[in-house]
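Let's take a guided walk through a protein model, one part at a time. Have the sequence and the 3D view ready.

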Amino acid sequence: MKPASFDYVRPHSLEEALAELAKDPDETKVLAGGQSLIPMMNFRLARPERLVDINRIPDLEGIETVGDRVVIRTRTRHLVLQNLSMPTPLGSLLRHGAANVGHLPIRTRGTFGGSLAHCDAASEWCLVASLLDADVTVQSQARGSRTIRAADFFLSIFTTAMEPDEILTEVSLPALDDSYVTGIAEFARRAGDFAIVAATGAVKVVDDVVADARVCLGGVSEVPFRSRAAEQVLLGQTWTPQLVTAAAEAAADEVDPSSDAHGDADYRRDLVRALLPRALGER
Amino acid sequence: MTITQPPNWTGRSLPRVEDPAILRGLGRYVADVAARDTCMYAKFIRSPYASGRVVAISAPPGVRLYTTADLDGVGDIVAALERPDFVSTAQPILAGPVVRFVGEPIAMVLAETEAAAEDAVDQVQVEIEQLPAVLGVEQATAEGAPLVHDVEFPGDANTVVDGRIHTAGFDEVFAGAEHVVTVQVGSARQSAMPLEARASHAAYDPGTGRTTLHVTTQMPHVVRTGLADVLGIREDDLRVIAPDVGGGFGAKMALAREDVMVVLASRRLRTNVAWIETREENFMGAWHSREQVYDVEGAFDADGTLLAVRADLRCDVGAYSCYPVTYAVEPLMAMAELTGPYAVREYSVRSRAVLSNKCPIAPYRGVSRPVQVLAMERLMDVAARELDIDPVELRMHNLVHEFPHRIPSGLVLDNASHRETLAVAAEMADVDDFRRRQLAAREEGRLLGIGFSSFAERTGYGTPAFAARSVPFELKKTTAADVITPGFERVVLTMDSSAGVTVRIGASPHGQGLRTSLAQVVCDQLGVAPADVRVIHSDTDATPYGWGSFASRAMVMAGGASMLAAKDLAARLRTLASHRLGGLPGDFELVDGGALNRETGESVPLFVLARDTYHSSHLIPDKGEPVLEAVATYDPSGTFANACHVAEVEVDPATGAVAITRFLVAEDAGRLVNPAIVDGQIQGGVVQGIANALYEELIYDDRGVLVTTSLMDYLPPTLHEVPDIEIAHMKTTSPQSITGAKGVGEGGTIGAPAAVANAVSDALAHLGVQVNHLPATPHRLRTAIRAAQSHAQEAAS
Amino acid sequence: MSTTVPLRLYVNGERHDISVEPRRTLADALRDDCGLTGTHLGCEHGVCGACTILVDGKPTRACLMFAVQAEGSSIRTVEGLAPDQEELHPVQKAFWENHGLQCGFCTPGFLMLVAGQLEENPDTDEEEMRDVLSSNLCRCTGYQNILKASMAAAEEMRG
């Protein structure tokens, strides 16, 4: 399965890349890790006429803490996040999230930003971004830089709020303090497969009481789903396994998943019930 | 003087001679032949509809397009059996005007590169009038159903095979039985999914007019015959070579229409042409298998003796009959072997192949036996529960243990170890300990289960067995070309003038290590080392006519023929030695590359005997042949390997996921020529069986479009999904295999699905959830568990 | 748009000057343009791993990279594993001795995956090795001997 022809450019700066993209935004795609784009091109499901390869642009990868935020630059590879030495609840969430992404050879090339731009509702980074109300920075030649909140970024299946002439440059996440419990749990048929349903959580527990609750589910709607029902069940309550089970039940009731070959709506609700407690450390 | 023992190569786990080249990246698969050649590439335009009539095909100028209009003089592929119930249909090389399944090739384009060929496909316009399709057995056999082929169906619509057996005493015994247990089992459509998809490369030699076809096939000679028949050319104008082949599992033992087109194009254009199948095409068109449903009733008496079996077996065979073994292969095998290793005497069965507008079937490792064994082993477990008899005891009670034993279909179980393998498996499994663990786990909400599967695997059968599938109903023979009865294997063994040995075989390995194991067999007869022996295979110019590798036959058949030929040659060498050194031929044994007289201790190197033969033939007293060559054919009626599989599983009740925590195999494949190779075959087969049980499913939507066309949808397991497999070997030999080896290639796939199904059923028995249809996906299991739990809640309230 | 571009690839320490369309994947460039057919194509959508090679030391799916992207990178394929014509790389040797291959089609991908992993982390334990090996598909062996071979290679390479 060979892709359709395209023109290929490999700019050496972000400005150059944006200029290339601006020439013909609708027929141009950005090539970062390529682990999602290239299979689609091999199937000829995607047929961009031009590819802008951003892999040689300096300063587009890396992760750094800036005040109370953690900034991940777009071309940071999954593998780097899997091996992150950040001994914090966020670091733990990023490491576990990365370990769930495909397989080792996918992680050596796939990128954090690419994942967000691709917008698969069950993918780990989309869930984490939605969970933590990330700020996504995108840039275009015409309009410069703008920041989009996660809730406004993921619009529907494989569709983000990005304009065709924009490149995602970095994502900013809150640096969660040590009182947070974080986790991710997903259900897939085989090791490395896309999750059928995934659950992520970040819960701030102070003196055994939940001070902040964030729950995000994947595979239950067109975009990552923040379960407000689960969050409300958790907030202000005593942190116990039973509480988490109740939150999972509320989440399962709240979602309205569609059915497909991998599972019907009832099954996806069952997976929510099973996975949220596992994400938050219970079995 | 020391008398050395002949080295015993048989029985050793010799590292394979095939491996170093492959490990260095120097393997030569068909795509590699193409990559190193400048050739045209073919791509196919395929039907987007399950059923229809092609109205028009066109392409802009510059696109090299071939359609049915270009097939003058090219015949259809016909594969038939001589049976009154067999309805024969034809498979055109390119479909048109009628198309019968999504993915069926309608036209071909040629271009300089694969990418350019795909660009050309994009430019071809096809107009097809859609017609109603039939997508399942019920639909296809219903009154007034659309017919997949415009032929006479003597029975139900679209029914192309309708075999029956009804033993004389059945009615009485069945009616009088204490207890009848009923199960319905089935498997989803499977893809053999070899990691290398299909490919062919035709090289035309303008000097000789011959075409050399490199093709991913398990049966080069048969492919050559088939191509010659269809193209109307001399068989010798073709040379067919199977180079390194990346797995076959049966899906590469059928003549592919695309290969016919590649050869046709090569000859017409007098140039080289290649076709490299994509994974998507492989899912859509490279022979499906295993979509079968069986209704089975077992009549038991009060002490658990299985007295009679009644069965209705339905196989959805797709749109065409695969060449050479035909679409009867699944139902007829099921009919003949369903009763398996159980001593049941009365048998009534109806076994059907029904057409559908889907990809046609071909044998896939195990063929029908995985479902046959699923049926009988589920029957045993269900009966055990209903009769309150331990499932191991129930099997032990019913397994054949006196040999030979004729089963109701007429096949004969020769020497085997059914009870012994069950006993060994049960001991390895330590069922008592398991039951304790199972109970303790249930307290914690964890669901463990254990399942057994006992079975016989028919292997190494020759022409008589294949012939039995046909039931000639006229004395006058029908068309020669359509009816093919495979069977024998032939070997030409030659010692050259420097005592090097070549073994030319008709079998065609594709991962089984025959180059190594056959050398071991030959070395034991000739007293040489494997480094002195070269096995030559898979080239129609260089090997005797043979049937290839499939049906767990290669070691039995090619091994048997190799042994016979080697014995012949050994006798000749001993005679030559006696000419040289005096004494009688019987005084000599072949050892360490020479002939040693046991009486005198004198020996002569084989090198000298070879030179005597080739270069001093006038001096040989008995005017023997001036070459050292032996030819042998082996054509036994077949034997049976047997095994018992045990699976231990844990089912996650919340998600329906099944983890296999332990898998063990107690098997009897007779004498193991190369134990590592045997174990490898078992391990690989078991994993495919596990995949059948839990993961793999080809899914068509309600328009007949195949939905599972990538490795993200069709789910062969990774290492993570499968356990280590513990294997214990028993050894009984059979007079039907002179090497003492029984075939073993398919055993893993045959027994594993039932063991897993029984284990999951055992884990969920307390909920009343049973697994009879495969795959038992997490979705299906969780849905069943949820229903059972709410049922229980309702009952409790 | 089917114009080719000149490209210099460094594969197994050797320079290959080729000319390819941008759409040519690295796998196809290695096979068709560099004559290195040891890297195999099993799916062309990044799942089976038969095309696994090392790019700058990291296991990479060659079907999910365009050749033009690999300019300036150090590429290693199965043909470059063995030190010479006589010796095999420890991973190759371990696969041979442990019957780690049957049809051989997936084998180069596994060899590069394991070699890359062990060169990066010679202390890879069995649990981690299982994770790594789950990246690739094998249809013949059932994986058991592949794991055995990989752990044997690990032990050998630790010295």
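Two strands count as paired if DSSP finds at least two bridges between them. With that in mind, turn to chain A of this predicted model. Here four strands make up an open sheet, in the order β11-β12-β13-β14, with antiparallel pairing. The edges of the sheet belong to β11 (180-187) and β14 (225-226) of chain A; each has a single partner strand, so one side of each has no neighbour in the sheet. Strand β13 (residues 209-218) of chain A is joined to β14(A) by two bridges, and the two run antiparallel. You can find one of these links yourself: A:Cys216 has A:Arg226, in β14(A), as its bridge partner.

How big is an interface? The size is often given as the accessible area lost when the parts come together. Chain B and chain C bury about 4300 Å² between them, and 55% of that lies on carbon and sulfur atoms. B:Leu23, B:Arg24 and B:Leu719 provide 21% of the area that chain B buries against chain C, more than any other three residues. In terms of contacts, 51 residues of chain B touch 46 residues of chain C.

Charged groups meet here too: four salt bridges are found across the interface of chain B and chain C. B:Asp119 forms a salt bridge with C:Arg23, their closest N and O atoms lying 2.7 Å apart. Which helix gives the largest share of the side of chain B that touches chain C? That is α18(B), with eight residues. By class, this side of chain B has 27 nonpolar, 14 polar and ten charged residues.

Technical notes: Residues are numbered from 1 along each chain as its sequence is written. Chains are lettered from A and ligands numbered from 1 in the order in which they are written. This is a predicted model: local features need pLDDT of at least 70, side-chain atom pairs count only at pLDDT 80 or more; totals for chains, interfaces and linings use all residues. Side-chain values use heavy atoms; hydrogens and water are left out. Contact means heavy atoms within 4.5 Å. Buried area is the accessible area (1.4 Å probe) that two parts lose on being put together, summed over both. A salt bridge is a side-chain nitrogen of Lys or Arg within 4 Å of a carboxyl oxygen of Asp or Glu. Ala, Val, Leu, Ile, Met, Phe, Trp, Tyr, Cys and Pro count as nonpolar, Asp, Glu, Lys and Arg as charged, and the others, Gly among them, as polar.
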